[in-house]
Amino acid sequence: SQSRYLAMIMAPILKDIDFLPEDLDFNAKVDLDIFGKYNLKDLKIKSIVNFSDLSAYGENIDSGSVEILMFDELLSFKQLDAFIGKGMILGDFSYHLSDKKFNLRYDFENVRFENLNLKKNYVLILIQYYQGKFLVAAI
């Protein structure tokens with residue numbers, strides 16, 4: 001699939017990121033610009049990805065788009081617009097490759113996760129409380 005080609009291109013950046021989904025697969029149209037040198041400190045990336053049929057963490061996303069940026073070892077996924085059935089996910093995610101810290105902001109509207117599967121435990125610090133309805137089931 002096209003996701004394998006993108007993974008090969010980004011392998012030097014993504015190889016040490018341990019939270020990526022093992023089941024990641026998608027079809028995509030990718031507009032990619034790469035600048036700088038081959039080492040991470042000098043590498044700059046700007047990409048617009050329009051995707052469909054995305055699978056990750058046991059869930060499926062119908063379609064969407066995201067801007068992928070890399071500058072000063074900061075990998076960012078900006079302006080994510082993802083559509084799942086009648087619902088949508090909007091947001092941003094950034095990950096600093098050197099200190100392995102990340103920031104995220106996502107808004108969910110009418111999204112129901114059926115098979116969300118995170119195989120590792122993650123510690124999250126919530127900085128802001130969002131009102132809404134949450135259904136959590138532990139199996």
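User: Why does arginine 105 count as partly exposed?

Analyst: In this predicted model, arginine 105 has a relative accessibility of 35%. Buried would need a value under 20% and exposed a value over 50%, so arginine 105, at 35%, counts as partly exposed.

User: What makes the contact between arginine 105 and aspartate 92 a salt bridge?

Analyst: The closest N and O atoms of arginine 105 and aspartate 92 are 3.2 Å apart. A salt bridge asks for a side-chain nitrogen of Lys or Arg within 4 Å of a carboxyl oxygen of Asp or Glu, and therefore the pair of arginine 105 and aspartate 92, at 3.2 Å, is called a salt bridge. Arginine 105 lies in strand S6 (residues 101-109) and aspartate 92 in strand S5, so this pair ties together parts that are 13 residues apart in sequence.

User: How do you know that aspartate 107 forms a salt bridge with arginine 105 as well?

Analyst: Here the closest N and O atoms are 2.9 Å apart, and the cut-off is again 4 Å, so aspartate 107 and arginine 105 also form a salt bridge. A search of the whole structure finds two salt bridges, and Asp92, Arg105 and Asp107 are linked in a network of them.

User: What makes tyrosine 57 and aspartate 72 worth a remark about phi?

Analyst: Most residues other than glycine have a negative phi. Tyrosine 57, which is not a glycine, has a positive phi of about 55°, and aspartate 72, also not a glycine, has a positive phi of about 50°. Tyrosine 57 is placed in the loop between S2 and S3, while aspartate 72 is placed in the loop between S3 and S4. With relative accessibilities of 24% for tyrosine 57 and 46% for aspartate 72, both values fall between the 20% and 50% limits, and therefore both residues count as partly exposed.

User: Which residues form the negative surface patch, and why is it called negative?

Analyst: The patch is formed by Asp23, Asp25, Asp53 and Asp62, and it is called negative because Asp counts as negative. Aspartate 62 has its place in strand S3 (residues 59-71), and it is partly exposed, with a relative accessible area of 43%.

User: Which residues touch the most other members of the largest nonpolar core, and where does the core draw its residues from?

Analyst: Of the 24 residues in this core, Ile13, Phe51 and Leu75 touch the most other members. Strand S1 (25-36), strand S2 (43-56), S3, strand S4 (74-84) and strand S5 (87-96) each supply at least two residues, and S2 gives the most, with six.

User: How many helices and strands does the protein chain have, and what share of its residues counts as buried?

Analyst: The protein chain has two helices and six strands, following the pattern α-α-β-β-β-β-β-β along the sequence. Of its 139 residues, 27% count as buried.

Note on methods. Residues numbered from 1 in each chain as written. Predicted model: local features only at pLDDT ≥ 70, side-chain atom pairs only at ≥ 80, totals over all residues. Heavy atoms only, no water. Patch = residues over 30% accessible without salt bridge, like charges linked within 9 Å, V, L, I, M, F, W, Y side chains within 5 Å. Areas by Shrake-Rupley, 256 points an atom, 1.4 Å probe, with all protein chains shown as cover. Charge placed at Lys NZ, Arg CZ, Asp CG, Glu CD. Helix = DSSP H or I, 4+ residues; strand = E, 2+ residues; numbered from the N terminus. Buried < 20%, exposed > 50% of the residue type's maximum accessible area, 1.4 Å probe, protein only. Core = buried A, V, L, I, M, F, W, Y, C linked by side-chain atoms within 4.5 Å.
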